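Reader: I would like to learn how to read side-chain features in a model like this one. Could we go through them one at a time?

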Amino acid sequence: MKKFNWVPLVLVFLMVLTVAGAIIFRNWFLTFLSMELVIFHLLPPFAVILSMIAYKSKARFWFEQADWEKNLYKKLKVKNWKNKLPTYDSSMFKIKSGSKEEVIKLMIQSENVHLLLVFLSYVPILWGKYFGHWGIMVLMAFIFSIVHIPFVIVQRYNLPRIINAKLPGDK
């Protein structure tokens, strides 16, 4: 029996709670927190939908590795550390658990969500003038964006290998 994942339910509850609190109490902190939750937890699913549309419409240019990427991945020795990164649910990325197409979709989703989070991490800086501590916000945004880059790199590294892999059930 599969273990129930409470994380999405807790995040939705927090999002509703902070939005309601921001409306009721007109508090800047709650407004900031609710905007953060909405941005970081509603925009990624839309990015996933758009990336799936691009993949299905054969806009493959986004999903193919450029030569400079291949050289970068060799220099970064991605092959040596790619399996050391934490995953939300590592079983989702195993072809044995689903079809090759499902794993490819998950990889594209993962790459685009992390890439979106790299850029979205800088959005709070726009609110820095309202909350003060601008330097801390810049530092935290930078740290948050840097944390997501290895996940993007690993997905970009692995995707062509999975797409080109010949499996027993493939035609």
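Reader: Where is Tyr122 found?

Author: Helices are DSSP runs of H or I with at least four residues, numbered from the N terminus. Tyr122 lies in the loop between helix 5 (100–120) and helix 6 (128–131). This is a predicted model in which local features need pLDDT of at least 70 and side-chain atom pairs count only at pLDDT 80 or more, while totals for chains, interfaces and linings use all residues. Residues are numbered from 1 along each chain as its sequence is written, and side-chain values use heavy atoms, with hydrogens and water left out.

Reader: Is Tyr122 buried, exposed or partly exposed?

Author: Buried means under 20% relative accessible area and exposed means over 50%, with partly exposed in between (1.4 Å probe, protein chains only). Tyr122 has 34% relative accessibility, so it counts as partly exposed.

Reader: Which residues make the nonpolar surface patch?

Author: A patch is made of residues with over 30% relative accessible area and no salt bridge, where nonpolar side chains (Val, Leu, Ile, Met, Phe, Trp, Tyr) are joined within 5 Å and like charges within 9 Å; the areas come from the Shrake-Rupley method with a 1.4 Å probe, and for residues only the protein chains shown count as cover. Here Tyr122, Ile136, Leu139, Met140, Phe142, Ile143, Ile146, Val147 and Ile149 make a nonpolar patch of about 810 Å².

Reader: How many salt bridges does the structure hold?

Author: A salt bridge is a side-chain nitrogen of Lys or Arg within 4 Å of a carboxyl oxygen of Asp or Glu, and the structure holds two. In one of them Arg156 meets Glu69 at 2.8 Å, N to O, which links Arg156 in helix 7 with Glu69 in helix 3, 87 residues apart. Arg156 also forms a salt bridge with Glu111, with the closest N and O atoms 3.1 Å apart; Glu111 belongs to helix 5, 45 residues from Arg156. Glu111 and Arg156 are buried, and these shared partners join Glu69, Glu111 and Arg156 into one network.

Reader: Why is the pair of Tyr73 and Tyr157 edge-to-face?

Author: Rings of Phe, Tyr and Trp (its six-membered ring) pair if their centres lie within 6.5 Å, and planes under 30 degrees apart count as stacked, over 60 as edge-to-face and the rest as tilted. The structure holds one aromatic pair: the ring centres of Tyr73 and Tyr157 are 5.9 Å apart and the planes stand at 85 degrees, so the pair is edge-to-face. Tyr73 and Tyr157 are both buried.

Terms used
Helix = DSSP H or I, 4+ residues; strand = E, 2+ residues; numbered from the N terminus.
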